[in-house]
Each structure stands twice: as C-alpha cells, then as structure tokens.
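Me: I'd like a close look at one part of this model: the aromatic rings and how they pair up. Could you walk me through them?

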Amino acid sequence: MMFKIIGAACIIVATTAIGFGQSFRIHLRYRELLEFKKLLHLLSGEVRFGGGTLEETFRTMAGRSRPPFQGFFDFLAEEMEKRAGERLTEIWERAVEEKLSASHLTAQDKEILLRLGNELGCLDRETQLKTIALTVEQVEDVRKELHGELPKKMRLYNCLGILAGVFITILLI
C-alpha cells in the first residue's frame, strides 16, 4: 500500500511539473517577443541614424541583446565578416534555423523574422525602415494576442498537469 501512495505521489508531481513547465514556456515566448520588439526598435534606430554597415549594426545589436538574440546577431555579424559571397537572406535564414532553434518562438514568429531578413540589406534606407516598422506591427499583433491568452493558457496548463496526474493515479489504483 505504501508503494502505491509513493507511486501516486510521483505521478502527480511529474504531471504537475510537466504542466507548469509548459506554462513557463508560454511565458518565455511572451518575453522573447517583447525582447524581439525592443530589438526591432533598436535596429530601426541603427539603420536610421547609425550610418554603419549591416555587419556593424549586427555587432551593436548583439552587444545590446540577451540570449537567444545575442547569439543570433553575433552569428550574423561573424558570417558577414567572412565575406563568403553568401547573400544576407541566406545568412539570415541559417541564423534563424541554427541560433533560434532553442528559443521559445513558434514557427509563426520565426516566419516573421524570415520575412524581415528577406528585405534587409537589399533596399534603400526608407524601405528598410518601413519593413522594420511593418515587422514591429506584426510582432505587436502576435504579442497582444498572446497577452490576452496568456493567463488562461497558463492556468489551463497548470490545472491539466495536476488533473492528468490525479486521473492517471485513479486509473492505476
């Protein structure tokens, strides 16, 4: 009987941890979207007033950002420094795949990033600024939608984790 109680407690604790972990991942996605939006504003300022190359801009961005975006911008600056003949679009795509794979951003969020990468470096300054502004709007729309759902989803995942543990325990006993 004692082993059943210990086993039931372990199951409930494990499923509760899974639920809280999923809840935390959603919260981290929200924070990464906020960081991404902040970096887009910074990128806009660098393009508008910096006057440097994109390589220098990405170096500056790397110094002012936190993981996972710090590694992302470092990678962009390093790859551009190599001058291997690759287009910025290709480098940007690789950076999104390699450096943001461990982030909590969804495929939809990364698609917004990829669209930005397709437009940067190819156009005049004003068009780049408009593209960055459009990307800021898209990120803000996603962030607002997530912000509205965040408390409900977090509570749902927390409760589902606990209830799943209780349900599995009842089935096993």
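Reply: Let's begin with confidence, since this is a predicted model. Among the elements of the chain, helix 2 (residues 54–64) has the lowest mean pLDDT, 89, while helix 6 (residues 125–172) has the highest, 94. Here pLDDT is the predictor's confidence in each residue, from 0 to 100, and helices are DSSP runs of H or I with at least four residues, numbered from the N terminus. For the chain, the mean pLDDT is 91, and 99% of its residues reach 70 or more. Local features need pLDDT of at least 70, and side-chain atom pairs count only at pLDDT 80 or more, whereas totals for chains, interfaces and linings use all residues. Side-chain values use heavy atoms, leaving out hydrogens and water, and residues are numbered from 1 along each chain as its sequence is written.

Now the rings. Rings of Phe, Tyr and Trp (its six-membered ring) pair if their centres lie within 6.5 Å; planes under 30 degrees apart are stacked, over 60 edge-to-face, and the rest tilted. That rule gives five aromatic pairs. Take Phe-36 and Phe-69: their ring centres are 5.7 Å apart and their planes at 10 degrees, so they're stacked. This pair links distant parts of the chain, with Phe-36 in helix 1 (residues 2–50) and Phe-69 in helix 3 (residues 69–82), 33 residues apart.

Phe-72 is buried at 0% relative accessible area, and Phe-73 is buried at 5%. Along with Phe-58 and Trp-92, Phe-72 and Phe-73 form one aromatic cluster.

Conventions: Helices (H or I, at least four residues) and strands (E, at least two) are DSSP runs, numbered from the N terminus. Buried means under 20% relative accessible area, exposed over 50%, partly exposed in between (1.4 Å probe, protein chains only).
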